[in-house]
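Subject: Structure handover, with notes on cavities, ligand and backbone

Dear colleague,

Please find below the structure that I am handing over to you. My notes on what was found in it follow directly after.

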Amino acid sequence: MQIPRIGIRPAIVLVTAQVLASTGGLGLATARADDDESVPAIRLNSIGYLPNRPKQASIAAKCERFAVVRFRDGAKVLEAAVAGPVEDVDTRTMLDTADFSALTEPGEYRLEVPGVGRSDSFRIGADVYREPFLVVTRAMYLWRCGTAVRGESRGNVFAHAACHTEDAWLDFVAGKHEHRDGTGGWHDAGDYNKYVVNAGVTVGVMFRAWEDFQPTLRQVRLEIPESGNATPDFLDELRWELEWLLKMQAPDGSVYHKLTTRMFGAFVLPELEKSERYFTPWGSAATADLMAMTAQAARHFRPFDPAFADRCLAAARKARAFLEAHPKNHAADQKGFFTGGYETGDADDRLWAAAEFWETTGEADALRDLEARIRAVEARVDADFDWGEVKNLGLFTYLGSKRTGRDPALVDQVKKGLIAAADSIVADGRAKDNGYRRPLGSRYYWGCNGSLARQVLVLRAAHRVEPKPAYLNTSLDALNYLFGRNPYGRSFVTGLGARPPLHPHDRRSGGDDVEPWPGYLVGGAHPRATSWKDEQPSYQTNEIAINWNAALIYALAAAQDAKAP
Ligand code: 9MR
Ligand code: ZN
């Protein structure tokens, strides 16, 4: 990776390059965000805003009035007083708010704040999220393992040769050096390993996007090798992962927990990583996740490829039979591995699997099992969730089902749980001392940027039950935060928006001599709001991962769908 001919506006590149030079290449965020004078005082979504939705910026400087000016000629189109200040609880910064929601005319603009300066430029338009959606979804293709990939973006070529073509060895399963085909799928993250549990939430969230926004997603052309065939590209990309997942199922129906090297590898392109990779023994969460994913796949691929749908359904049935015979949680034996653990209890995974299996087959005993599991968790819907707790996915499927036979009282209880969760997200985002309107409130943990995007699933599920502008607007607040209305005044997505991450913890980006591979959401600040480091070694805050990107794919698909008044 070289510094930084990145896909942002030239003026911004200049500033960034100077800062990098003066800090020895360590980047913008080495100091606390607000101590660093290179952080712009005006923090807003540098991608832009939808015409008929609220538009706000946070200003970390004393000020009274602001103006919105046209980028092209500086003409003033709106002027108003700022609101505030309030002290942001997470950063202890005094923040004013500029609200320019009244401006609905599409165009490119910036904010001018007397005595403070000018903001990054941003667009207003119904299509502002179209390209970001494509870039972030195509990033899944660029994550493909077992094949050569190539992408061009703003004059740069991102490419690697076929990698990990020898996946993988069964030593830890069979006790001898035996080979089994485990090629394909996506690399998990900044590392090149492959983990079924994290595939679960990733594929589950992407299928949720397919279910919720299909009219838009059907049309999407991703420029992948399959583009032009009879199957929508969005499904074809999912199929790349599913074909690998099918290989992770053992003959008895159980599912190997992961396929990895024994240690994390170096920062080289994937075809140069030559250490042997192994299947680990099975785990029940992985098995349930595979059942859920293949059950979902069976119904969504049915119209396009019935033979593939049949293969998926057969895998789901086999996993189900195995799980019924092994009702207790079974953690995979990962002795000898120092790669990602993704250890998690299986109750939520089994609930999700039952939901998808029932939705696909309509079988009565699956519904009974599902409803018993929903009762066991008191129909609780989580306001934020990730790979370790996927029951929300099952609950959304249960609620959205058109099938008959559900217990109406339980359906009602889930609805109430959902509304409570969504309302708590709205309340957190709008708390007076939440200066950036971060819908995740003061929760900062590993991968919280992904969770922030994933909250949009909860908000949209609630919106389907009880439509409220607040659910849509809060969903957009999540994007505002991720694309620059945050303590850093920077985008958290490589290649998109103003001052995106330049040093993601990504072995491809570290292993080639081009700018960071585009379209990847980095994990984000934790344990504190100010802990993000745009440095390659910071795997805790600056790694990329399929589960975070999938959530952003959903949030961006949802945003395109929210452009109507
Ligand atoms: O996203 C995972 C996070 O929730 C965990 O706290 C963390 C530590 O176990 O692991 C994260 O997942 C990493 C995985 O273990 C290996 N590949 C990279 C993932 C993203 O950092
Ligand atoms: Zn690979």
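A cavity here is a set of points, on a 1 Å grid over the protein atoms alone, where a 1.4 Å probe fits but cannot get out, and its lining residues have an atom within 4 Å of a point. Grid points are joined across faces, edges and corners, and a volume is the space filled by probe spheres set on the points. This is a predicted model, in which local features need pLDDT of at least 70 and side-chain atom pairs count only at pLDDT 80 or more, while totals for chains, interfaces and linings use all residues. Residues are numbered from 1 along each chain as its sequence is written, chains are lettered from A and ligands numbered from 1 in the order in which they are written, and side-chain values use heavy atoms, with hydrogens and water left out.

Cavities

By class, the lining of the largest cavity has 2 nonpolar, 3 polar and 4 charged residues, with Ala, Val, Leu, Ile, Met, Phe, Trp, Tyr, Cys and Pro counted as nonpolar, Asp, Glu, Lys and Arg as charged, and the others, Gly among them, as polar.

The second largest cavity, with a volume of about 50 Å³, is lined by V456, R460, L472, S475, L476, L479, A555, A558, A559 and A562. Two or more residues of this lining come from each of α13 (448-465), α14 and α17 (546-561), and α14 gives the largest share, 4 residues. The lining of the second largest cavity divides into 8 nonpolar, 1 polar and 1 charged residues.

Ligand 1

Around ligand 1 stand D188, A189, D191, Y195, G340, Y342, W387, W446, E543 and W548, a residue being counted as near if one of its heavy atoms lies within 4 Å. By class, this shell has 6 nonpolar, 1 polar and 3 charged residues. As for polar contacts (pairs of N or O atoms within 3.5 Å), a polar side-chain atom of D188 lies 2.9 Å from a nitrogen atom of ligand 1, and a side-chain N or O atom of D191 lies 2.8 Å from a nitrogen atom of the ligand. In W446, a side-chain N or O atom is 3.1 Å from an oxygen atom of ligand 1. Of the 450 Å² of accessible area that ligand 1 has on its own, the protein covers 79%, with areas taken from the Shrake-Rupley method with a 1.4 Å probe.

Backbone

Most residues other than glycine have a negative phi, and most peptide bonds are trans. Y342, which is also in the shell around ligand 1, has a positive phi of about 45 degrees although it is not a glycine, and Y342 is placed in the loop between α8 (306-325) and α9 (347-361). The peptide bond from G84 to P85 is cis, with omega near 5 degrees, and P85 is in strand β6 (residues 83-88). The bond from H526 to P527 is cis, with omega near 5 degrees, and P527 belongs to the loop between α15 (507-511) and α16 (539-542).

With best regards

Key. On a 1 Å grid over the protein atoms alone, a cavity is a set of points where a 1.4 Å probe fits but cannot get out, and a pocket is an open set with protein on both sides within 12 Å along at least five of seven lines; lining residues have an atom within 4 Å of a point. A polar contact is a pair of N or O atoms within 3.5 Å; within protein, one must be able to donate a hydrogen and the other to accept it, and residues adjacent in sequence count only if both atoms are side-chain atoms.
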